[in-house]
Amino acid sequence: MAGSPDFDLYRTSEEHDMLRETVRALAEAKIAPYAAEVDEQARFPREALDALVAADLQAVHVPEAFGGAGADALATVIVIEEVARVCASSSLIPAVNKLGSLPVILSGSEDLKKKYLAPLAKGEAMFSYCLSEPDAGSDAAGMKTRAVRDGDYWVLNGVKRWITNAGESEYYTVMAVTDPEKRSKGISAFVVEKSDEGVSFGAPEKKLGIKGSPTREVYLDNVRIPADRMIGAEGTGFATAMKTLDHTRITIAAQALGIAQGALDYAKGYVQERKQFGKPIGDFQGVQFMLADMAMKLEAARQLTYAAAAKSERVDADLTFFGAAAKCYASDAAMEITLDAIQLLGGYGYTRDYPVERMMRDAKITQLYEGTNQIQRIVMARNLPK
Ligand code: CAA
């Protein structure tokens with residue numbers, strides 16, 4: 001494979017490596033110091049948002065034509081990865097900004113793009129993504145939220161659940177049923193604004209991890225929005241939602257990589273410091289084998305994720321498989337690696353005085369959201385590589 005065009009695209013360029021250095025320095029200086037506190041207090045990582053916005057890193061994926069940095073899919077992965085390495089909650093800022101806005105980028109009119117992407121690129125607004133509902137999680141097409149046409153307006157009613165950064169975001173891509181007879185083909189996508197009359201939010205969920213990223217219900221109570229807020233044509237909302245996930249499941253893989261890298265880095269340092277039986281525990285082969293396995297799994301997950309990012313950039317025919325595979329594999333790897341990091345720290349790893357238990361709790365969500373890993377296997381099985 002070496003030398004083939006595909007192989008070259010899996011590798012990071014000098015620009016990508018420089019971006020990683022920049023984000024790592026920023027994350028260590030301005031985001032890491034608050035990570036434990038943000039988790040402990042379950043509060044939004046305002047310092048991280050400010051630091052990301054000051055460095056124009058909150059939504060690097062926005063195309064240059066709309067005032068953004070126009071970063072490619074791999075660069076976006078690197079930003080998310082490096083932020084997640086120190087604080088998974090904070091990495092949901094760039095990740096969900098991409099998830100929420102990608103339907104507009106993929107399918108929206110020029111006017112919608114101009115109106116909603118510029119504030120996102122400037123850091124004036126964040127974007128969330130509203131697909132799931134209380135009774136429609138894995139079966140996303142089973143949603144009940146309704147949008148009914150009324151002259152030049154659509155009127156939305158329903159409840160969206162598990163909405164990341166709800167309440168913090170100004171803009172929401174909302175999938176709603178416009179024709180109940182047609183199941184997935186009767187779903188349309190809309191941009192809803194936080195300030196639209198009839199929009200309100202539930203209490204923040206009390207979660208195991210990613211505690212700094214608010215997860216709330218979004219209530220739509222007779223929300224009347226202009227018809228030109230529909231993203232793409234009527235009935236195309238479900239396909240847009242799925243196409244979006246093909247690209248953004250890779251950003252969840254990136255988050256998993258970052259969390260796992262943070263745990264591995266911490267454990268590597270710890271085993272050099274911690275002495276038992278008269279020497280650092282890192283001198284024992286059993287410990288070295290664990291670190292070797294952790295690094296091997298992480299690197300395999302990284303290669304798959306970067307390959308998927310190259311496919312996302314090119315919108316290759318096998319993107320659906322690769323997006324699901326990267327998310328599934330990297331999240332499973334992150335779970336194993338963070339658990340092993342706790343094992344290496346022993347009793348200390350089980351306490352909140354050390355960061356690895358937070359990393360393990362944060363890793364768990366990557367196996368669940370943007371489709372459980374069981375759903376990823378359904379997606380992969382339906383789209384096996386030729
Ligand atoms: N690209 C384009 N179109 C697609 C598509 C894709 N990848 N996948 C499906 N479609 C379209 C097709 O047009 C298809 O119609 P055809 O029959 O004409 O091909 C139509 O959608 C329906 O597709 P399916 O028959 O495959 O639909 P399904 O009901 O069987 O569901 C599913 C498929 C994969 C299970 C899907 O429901 C799914 O992905 N479920 C998981 C939902 C999910 O990931 N939720 C995440 C919420 S967001 C989140 O978690 C964010 C966060 O907090 C950070």
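## Location of the ligand

In which pocket does the ligand sit? The ligand sits in the largest pocket, where a pocket is an open set of points on a 1 Å grid over the protein atoms alone, with protein on both sides within 12 Å along at least five of seven lines, and where sitting in it requires that more than half of the ligand's atoms lie within 2 Å of its grid points.

This is a predicted model, in which local features need pLDDT of at least 70 and side-chain atom pairs count only at pLDDT 80 or more, while totals for chains, interfaces and linings use all residues. Residues are numbered from 1 along each chain as its sequence is written, and side-chain values use heavy atoms, with hydrogens and water left out.

## The surrounding shell

The ligand is surrounded by 27 residues, each having a heavy atom within 4 Å of it, and the closest are S138, T164, K185, R249 and E370. By class, the shell comprises 13 nonpolar, 7 polar (Gly counted here) and 7 charged (Asp, Glu, Lys and Arg) residues. Helix α7 (237–273) gives the most to this shell, with 7 residues.

## Polar contacts

Polar contacts are pairs of N or O atoms within 3.5 Å. A ligand oxygen lies 2.8 Å from a side-chain N or O atom of K185; a polar side-chain atom of R249 is likewise 2.8 Å from a ligand oxygen, and for R382 the corresponding distance is 2.9 Å.

Note on methods. Polar contact = N/O pair within 3.5 Å; in protein donor to acceptor, adjacent residues only side chain to side chain. 1 Å grid on protein atoms, 1.4 Å probe; cavity = no way out; pocket = protein on both sides within 12 Å on 5 of 7 lines; lining within 4 Å. Helix = DSSP H or I, 4+ residues; strand = E, 2+ residues; numbered from the N terminus.
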